[in-house]
Amino acid sequence: MILVTTVLLVCTMAAQETPVPTEQESVAAERPTILHALPPIGYRTPEEIEKILIRRARKADGMSVSEIGETVEGRPILMATFQGPQLGDRTATGTPEILVVANLEGDRLAASEVAISMVERYSAVGTPLTERATVHVLCVANPDAMAHVLAGDAAWRGKATDNDRDGLLDEDGPSDLNGDGHISWMRVPETGGPMLADPEEARSSREADAEKSEAGSFRLIREGADADGDRLENEDSTGGVVLEANFPHRWEQYAATAGAFQLSEPESRALALFVLEHPAICLVLVLDDEDNLASPPKGKDKVDTSSTDPLEDDARLLKIFGERFYGEDPDVRGAEHQSGNFADWMYFQRGAIVLESSLWSPPLDMGEAKEKDEDGEEQGLPKDASEDRKLLAWADAWYPGDAFLPWEMFSHPTLGEVEIGGWMPLVRTTPPPDLLTDLTTNTADFLDSLTNDFSHIVWEDVEVRALDAAEVFELRATLVNQGLMPTMTAMGKTNRSPLPLRITLNLPEGGEILVGRSHLSVESLDGLGGHEEMHWIYRLPAGSKPAHLTATSTSSGQAILVLEAN
Amino acid sequence: MHYSFKKILLATAAVCATSFSLFAQEEGGRWEPKVEIPWNRYYTHGELLDNMKRLQKAYPKFVKIVDIGESYEGRPMRVMVLTNQKTGKDIDKPAMWVDGNVHGNEVQGGEAAIYLAWWLLEHYDTNERAQNLLDSRTFYILPSQNPDGRDHWFNSANTQSSSRTGTTPTDNDRDGLFDEDDMDDLDGDGEILTMRKKVALGQGTHRLDQDDPRILVPVQGEQQGDYLVLGQEGIDNDGDGRVNEDGKGGYDMNRNWPSDWQPNHLQYGAGDFPFSYPETANVGRFILAHPNIAAVQSFHNSGGMLLRGPGADYVSYPPADIRTYDALGEEGELILPFYNYLIIYKDLYNVHGGFVNWTYEGLGIFSFTNELWASQQYWGKDRERTGGWFTSNTIQSLEFSDSVNLGELYVDWHSFDHPEHGEIEIGGFKRQHGRVAPSFMIEEMIHRNALFCARHAEEIADVSMEAPVVEDLGNGLYRITVDMVNSALMPSRSAMAAQNEIGTPDHVVLQGKNLQVLVGGTLSSRDRFRPERLNSMLRNPATVQLEGGVPGHGRILVSWLVRGSGKFTVEYTAQKAENSATEGELGS
């Protein structure tokens, strides 16, 4: 085992040292000849990331690492923080905080890799963000699952469970039956089964189309035996609760993967408590399998307890940030929103701006027909080829012979003759490590670009007018939000989790407010010039100390006006 | 099912009468409890714990006290574990959880919970059914889910309805400050009463009642008012123009449980997430660690109700469970005069994330919330209303205070110089009136409610196995059949639990030295000559799994085909019913 690891490491380093074409160059070259490292080669483990975090925090100014919790298996959950400017007092600094959360699923290795690479970049050369905001980065949100994935297992975590209710725990999961070192897939012959081999590409499995009178011939399941003799395969595999199903929005009470109750797991609870202790977190970037930047939702005019789409006003912001992150028409395909996920909780219940990126998807246009030959026949894959065939075309070009195990006959102990083979794990969801530098640069540049977009309140059009010669003044002032982001999202206005802007007019001794209140609140100011005009009349005897007009916020700065008595 | 339940009731009533007459003969009609607890008063949290301690000292073999954690202010939360330790460990017996007072001001649930323990203990020697309950069941009794709220209700100035919350600081008015604008006992009389102000005729919203000037009547139509109602005693402590809008705590711990939990903007007081308060987390941890809990009662006040879920229209209850609930609820209406058996969301209001919703919908436990004390009980009858509900209620409440309590429950209006409103009047009912029974009626209230719990616990599944029937099929092959019989109303697994695969199913296990079990399963028909109807177990046929448990007042037939000889045992194990075993012999 040790030997294998060493060899892999050498490969990784070799791969990183050799200049490799970027994805676009490879496409242009049509048939790349470079052998790319197949994930997880080239990806760092939670333990390696932990060491880097601690080392960096020790050296870099303004960076700290805190252990916000511990996983079921005892791994630390580490939050890296880059401190922004300190304004105001401790309870209302006004300094916005942003939170990057990577790899809640556990098998999204690129998310963790991009996150730790960003931390490395920030700690080495800094980021303009910290001139305005505090940045928290959770590089490995699900350390146990990630460690299992890197050990060749599934992305499981948590205590053993009895999925099939037979009194035994985790006794029948997928296994490497043919001893090829991989847990891959089985085609189990079944007359009238749901799947068939694509007639155009025998390796590819797809659903039989009943409307075209197609009959399936097998079912496709993970490689494994009936370990507990109940005539079911792989029905009680390792692991329990899925973190991305354990948060309170759309939590599914009776789903086995959702947990005994909301935030029942130490990892999800640690993250949620961190969020609740940092009310200034106004923007979250979730790097995982879902993606609202690649395909921003249109938004709805109303939300309810089953919503997955944001409110229209907030969706507009997603569109702006989506284009900035990916450019136009990105070919990145995120997963469906899972019930009880972190991102939805942050948006629907905490009211933060929530951005999600899955970072990368394998290109589907690799083998697509581009030109017609002399006979007018299209070369390459037709446009309506199945996604699986398109992925195979990409994988054949990128990882010739490595990404897909050929189907081979195998005598299964209970199912008879089956075929074992199919996609290697991780290939379809994990970018080739060659692309990580670009993905990191893009993500970090994007975050840097937010520096001047945070909501930011200032007093404008301030007018103090004496209404008499002695002591009565009229004050008019307008509070303006100069940033692109609103001081509170539309969802925040609905769920009332974020605090409004608080305005206080403090008069020195002897002063008295004649019209208006000493304490006001303004629920929210829209981005790009949202404003609210305010008006007071007060009495301030000559010779008094100045009055103060203060606007305080949780994450939109602080604006203080000093008003002299004359 | 309902019919047979009534029959059992009659039978048990007869047993009760017999044992009472024996008892009276022995004691000469005089009853002296070992532990004297005056049941005509309410106790602070510390005093409740003292009473528990006294019971433990007097009955050490029946009472254990378990610390389950602390409240926000550091008060200990202690569960009384009540069972006859000689007949088995608490965790091995099916159990009932009884608590009270999750709303700090709803104090009487605490006394009712302890009364249940006291009554059963004091009657163990003389009452067969009390004995049976303590021998075969466990009671987990937490007198107060909210010790801080409870003690503040006693020790601070309060209204009839305040101190409902716990005391974790909360920013109710979203100004970044916590609990900075509470009610104020302006006149220092230890009560939070109502403020009213006399204004010029035509400027008021109310006028004084012609017959009783203590009563404010809202003006209607052409009438002109000369009084304004200014709400509860208080000032604008934080200068934001609002009064009493951010008091101590400010949330509802009975909205902080997992089932159908919704955030604060949809459900007032829900907290940041389920179990976010130390008190609910302590209770949740205990209940999750005790899957033997088969029945729940959570006492509240008031209104005279036996409530069950759903709390909101998000889930429907399986018909079989509704029949069980209905039977218990109907008996409850009999035990508790003026109480109505109601469904929370249909008959009362929506509750998201309520405690008994979690214990039933989330955990599959038959659960009730009794709302102790109904206003009809002041008079022992329904009285006719004169005028609107509020006015009529006020009139009758004043009559009760004036006539039955010599004015004790009411503070007459008196003037006060308010810093913001100027000259005002303060007056109204004290907190001892309205939601809690007056002292002389406490014992009846808590006895009836406690004994409803006893009845609920008696109806926890009681599964026994009849002697196994062995059929010799020749050539060393046998069929073993066992009848599982549940003599109680409640199934060993609620349909809710079965349908959603909550908890562990019941198991019936066949074991023998020289036994080869070929097939095992339940018979879906009682026809023993139709073996093809056997719902056989795929894996390990010796263990028959009962996802639906044994139905209330019902039977399940379990059958095996075996080869072998000699003795065998059949063991039944269940999370929410007592385990049992029987034995037989092949070829005898």
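In this predicted model, strand S3 of chain B, residues 95–100, runs parallel to strand S9 of chain B, residues 293–301, and six bridges join the two. One such pairing sets Ala95(B) against Ile293(B), its bridge partner in S9(B). Both strands belong to an open sheet of eight strands in chain B, in which the pairing is mixed.

**The eight-stranded sheet of chain B**

- Read across the sheet, the order of the strands in chain B is S1-S2-S4-S3-S9-S12-S10-S11, and neighbouring strands are turned against each other by 20° on average, direction ignored.
- The edges are held by strand S1 (63–70) and strand S11 (340–343) of chain B, and because each of these has a single partner strand, one side of each is left without a neighbour in the sheet.
- Helix H6 of chain B, residues 278–288, lies across S1, strand S2 (76–82), S3, strand S4 (138–142) and S9 of chain B, and the helix runs at about 135° to S1(B).

**Strand S5 of chain B and its partners**

- Strand S5 of chain B, residues 194–198, runs antiparallel to strand S8 of chain B, residues 227–232, to which five bridges join it; within this pair, Thr194(B) stands opposite Gln232(B) of S8(B).
- S5(B) also pairs in the antiparallel sense with strand S14 of chain B, residues 422–429, over three bridges, and here Met195(B) has Ile426(B) of S14(B) as its bridge partner.

**A helix crossing in chain B**

- Helix H3 (residues 108–122) and helix H11 (residues 442–458) of chain B have axes that come within 8 Å and cross at roughly 65°, and the crossing of H3(B) and H11(B) is right-handed.
- On the side of H3(B), the contact is made by Gln108(B), Glu111(B), Ala112(B), Tyr115(B), Leu116(B), Trp119(B) and Leu120(B), while H11(B) contributes Ile442(B), Met445(B), Ile446(B), His447(B), Asn449(B), Ala450(B), Cys453(B) and Ala454(B).
- Sorted by class, the residues of this contact between H3(B) and H11(B) comprise eleven nonpolar, three polar and one charged.

**The contact between chains A and B**

- Chain B gives 26 residues to the contact between the chains, and chain A gives 29 residues.
- The side of chain B that touches chain A is made up, by class, of ten nonpolar, nine polar and seven charged residues.

**Domains of chain A**

- The domain assignment divides chain A into domain 1 (47–153 + 239–362), domain 2 (174–219 + 375–427) and domain 3 (457–563), and the C-alpha centres of domain 1 and domain 3 of chain A lie 34 Å apart.
- Domain 1 of chain A supplies 22 residues to its contact with domain 3 of chain A, which supplies 17 residues.
- On the domain 1 side of this contact in chain A, the elements that give two or more residues are helix H7 (312–326) and helix H8 (342–349) of chain A, and this side has 13 nonpolar, five polar and four charged residues.

**Strand S15 of chain A and its partners**

- Strand S15 of chain A, residues 501–506, pairs in the antiparallel sense with strand S17 of chain A, residues 519–522, over four bridges, and Leu501(A) has Val522(A) of S17(A) as its bridge partner.
- S15(A) likewise pairs in the antiparallel sense with strand S19 of chain A, residues 547–552, over five bridges, where Ile503(A) stands opposite Ala551(A) of S19(A).

Key. Residues numbered from 1 in each chain as written. Chains lettered and ligands numbered in written order. Predicted model: local features only at pLDDT ≥ 70, side-chain atom pairs only at ≥ 80, totals over all residues. Pairing = 2+ DSSP bridges. Axes fitted to C-alpha atoms, helices over the stretch in contact; angles between N-to-C directions. Contact = placed C-beta atoms within 7 Å. Nonpolar A, V, L, I, M, F, W, Y, C, P; charged D, E, K, R; others polar. Domains from an automatic or database assignment. Left-handed = near helix turned anticlockwise from the far one by under 90°.
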